[in-house]
Amino acid sequence: MSEIFRVTRAELFKLVRRPAAWVLLATAVLLSQVFAYLIPYLGYRGGGSDMLDGSSPEEILASTLPAQLVTNTIGGFPVFAGALALVLGALMFGGEYGWGTIKTLFTQRPGRVSVLAGQVAALAVVLASSVAIMFGFGAITSTAIAVGENEPTAWPGVLDLLQGFAAGWLILLMWACLGAVLGVVLRGAALPIGLGVVWVLGIENLISAMAGSMLSALEPLRDVLPGVNAGSLVSAVIPPGMVEAPPGVSTSVDGGRALITLTAYVLVCVAVAIWSSRRRDVV
Amino acid sequence: MNAVVEAEGLTKRYGDHAVVDSISLTVHPGEVYGFLGPNGAGKTTTLRMLLGLISPSGGTATVLGERPGSAAALGRTGSLIEGPSFYPYLSGRDNLRVLATYANVRGSRIDEVLELVALSARGRDKFTTYSLGMKQRLGVAAALLQDPELVILDEPTNGLDPAGMRDMRRLVREMATGGRTVVLSSHLMSEVQQICDRVGVIDRGRMLTESAVQDLRGGGELIISATPADTARDRLTAMPEVEHVRVDEGVLRVRADDRHIADITRVLVTAGVAVSEVRRDTRQLEDVFFEMTGQSINTAKELDHV
């Protein structure tokens, strides 16, 4: 156990100093701020309601207030932040092969399983921190809007916040683990990033759309897709009645099943990554 | 004396092709062991098997009495395999810090190894700004981080300029002081000749010989400058201790053991022959190597022309 803890410490040290990790976090925060707050607020200030599905300016303003903090923070996780987390996982694990540092790590004292386990633990810690940071930015912005517009600054309840935080963390961890396992299996970062992003942004949407319209036989397949389950988990933890559901947020499966499916994805990804790195030669 | 590294019939196959074909080797404590062979001979694959990075297709090996790649073996082994691999966005010092945390090594050891490889002044600079020589030295620093009993270095002078090669040779020699064992692979014979105590010569995945450098080089004839040469030749031919005598460019080339040199000199002087020089014609390791692998090299040349 102490070996895994040491690896986790070392990996956190690396991640904190890795510019790419900060770029990805900054991008996630920026996207969240722009789409959850800036655009709706500008829409409200402009008095237009056409841009948001015919909602009234009051409804648009209400969607940016602290009460909607959970929705606005994790609403983008199934797709946009998920894609960024996948990139982080692929960079973190696949990068070791690209730089050849995997052989440097595997010739230190900890065994391969400890190295992988420590890396996953570090990834989980970084993602939890990232979710907390995104909640923090959302809290600041929404409070600023509420104060500026003389609106209520009431936040969601602690339980709702914790649920939202946990759901967001699990979604990002699931996507990051998918990126990680692709990085380990394909021994690089570029191809996993390409494949992963195409999957998150393209193929999942395509299958979901087909299953929802012309080909209902695809529904069982749709219901086990990672993005669909991520969207369903978000849907289960956010308050109902918002202006417009963010992309990827759906009610295709219930929250309990989504939670189990996402957890299963994480466990399977970690198991496959460990199995692959233990079994294969480092050449 | 327990061997630090012992391999028996070590083999690595990819499909039908044996990259390493039943290699056996023994590395004794405290020696600098050279693993000599041309590019593609199987040196790196063998070293990777000894570090547990590659699993062998056959044969057995122990490193410091442990299974290759086990925590017990890796905890006492430092290595630099196929060039230094570090994180480009970290400084040299931070790269070592990552490895020190992995290996549970105290932080002050980082300063010690940076000092040892003369990188203290540049330790805080990014790895990407290092010259190739500095990168190699950082690789050696990383290998020494755990103060290991065994250091495995794969082509440590690759790509270095003459000054860098000289510094690296000095480093390797310093490493070997204090009872540490060093296994070094190289395709540079002069390097191995200068640094190593014993060598294993490998070609096309097969071990051709394993011997002390001096023994390999010392297989040459005795060169005797004597006048008159004809009388000297006749006298030496009559000696049962002498296996073979020939006159070449005015000097006698004699095949005989070192312990008979005194007898040879006495016989010649007694016969009224003036002896001005007796020395062993030590061969360069390069000559020995080409003698052993000549067949392979010719075949390789033929293949190149196909």
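## An aromatic contact between the chains

Tyr87(B) is buried, at a relative accessible area of 3%. This is a predicted model. Tyr87(B) has a ring partner on the other chain, Trp99(A). The two ring centres lie 5.9 Å apart. Their planes stand at 90°, so the pair is edge-to-face. Trp99(A) has a relative accessibility of 30% and therefore counts as partly exposed.

Both residues sit in loops. Trp99(A) belongs to the loop between α5 (77-98) and α6 (101-106) of chain A. Tyr87(B) belongs to the loop between β5 (77-80) and α3 (92-103) of chain B. Over all chains, the structure holds eight aromatic pairs.

## A second ring pair, within chain B

Phe86(B) pairs with Phe127(B). Their ring centres are 5.2 Å apart. The planes meet at 65°; edge-to-face requires over 60 degrees, so this pair qualifies. Both Phe86(B) and Phe127(B) are buried.

Phe86(B) lies in the loop between β5 and α3 of chain B. Phe127(B) lies in the loop between α4 (108-116) and α5 (132-144) of chain B. The two positions are 41 residues apart in sequence, so the pair ties together separate parts of the chain. Phe127(B) also has a charged neighbour. The charged end of Lys135(B) sits over the ring of Phe127(B), 5.3 Å from the ring centre.

## The interface of chain A and chain B

Chain A brings 28 residues to the contact, and chain B brings 30 residues. The area buried between the two chains is about 2800 Å². Carbon and sulfur atoms give 59% of that area.

Polar links cross the interface too. There are 16 residue pairs in polar contact, with both residues at pLDDT 80 or more. On the side of chain A that touches chain B, the elements giving two or more residues are α1 (2-16), α6 and α7 (112-148) of chain A. Of these, α1(A) gives the most, with seven residues. Two salt bridges span the interface of chain A and chain B. One of them joins Asp281(A) to Lys12(B), with the closest N and O atoms 2.8 Å apart.

## Chain B as a whole

Chain B contains 11 helices and 13 strands. Its C-alpha trace spans about 75 × 50 × 45 Å along the principal axes. Of its 306 residues, 53% count as buried.

Side chains of opposite charge can pair when their charged atoms come close. Over all chains, the count comes to 28 salt bridges.

Arg93(B) and Asp111(B) form one, at 2.3 Å from N to O. This pair links helix α3 of chain B, which holds Arg93(B), to helix α4 of chain B, which holds Asp111(B). The partners are 18 residues apart. Asp111(B) has a relative accessibility of 38%, so Asp111(B) is classed as partly exposed.

Helix α4 of chain B also holds Arg109(B). The side chain of Arg109(B) meets that of Asp147(B) in a salt bridge of 3.9 Å, N to O. Asp147(B) lies in the loop between α5 and β6 (150-154) of chain B, 38 residues from Arg109(B). Asp147(B) is partly exposed, at 48%.

## A buried salt bridge and a network

Arg253(B) pairs with Glu221(B) in another salt bridge. The closest N and O atoms are 3.0 Å apart. Both Arg253(B) and Glu221(B) are buried. Arg253(B) lies in strand β12 (residues 251-255) of chain B. Glu221(B) lies in the loop between α8 (213-217) and β10 (222-227) of chain B. The partners are 32 residues apart in sequence, so this bridge ties together separate parts of the chain.

Some salt bridges share partners. Such bridges join Arg106(B), Arg109(B), Glu112(B), Asp147(B) and Arg180(B) into one network.

Conventions:
Residues are numbered from 1 along each chain as its sequence is written. Chains are lettered from A and ligands numbered from 1 in the order in which they are written. This is a predicted model: local features need pLDDT of at least 70, side-chain atom pairs count only at pLDDT 80 or more; totals for chains, interfaces and linings use all residues. Side-chain values use heavy atoms; hydrogens and water are left out. Rings of Phe, Tyr and Trp (its six-membered ring) pair if their centres lie within 6.5 Å; planes under 30 degrees apart count as stacked, over 60 as edge-to-face and the rest as tilted. Helices (H or I, at least four residues) and strands (E, at least two) are DSSP runs, numbered from the N terminus. Buried means under 20% relative accessible area, exposed over 50%, partly exposed in between (1.4 Å probe, protein chains only). A charge sits over a ring if NZ of Lys or CZ of Arg is within 6 Å of the ring centre and within 35 degrees of the ring normal. Contact means heavy atoms within 4.5 Å. Buried area is the accessible area (1.4 Å probe) that two parts lose on being put together, summed over both. A salt bridge is a side-chain nitrogen of Lys or Arg within 4 Å of a carboxyl oxygen of Asp or Glu. A polar contact is a pair of N or O atoms within 3.5 Å; within protein, one must be able to donate a hydrogen and the other to accept it, and residues adjacent in sequence count only if both atoms are side-chain atoms.
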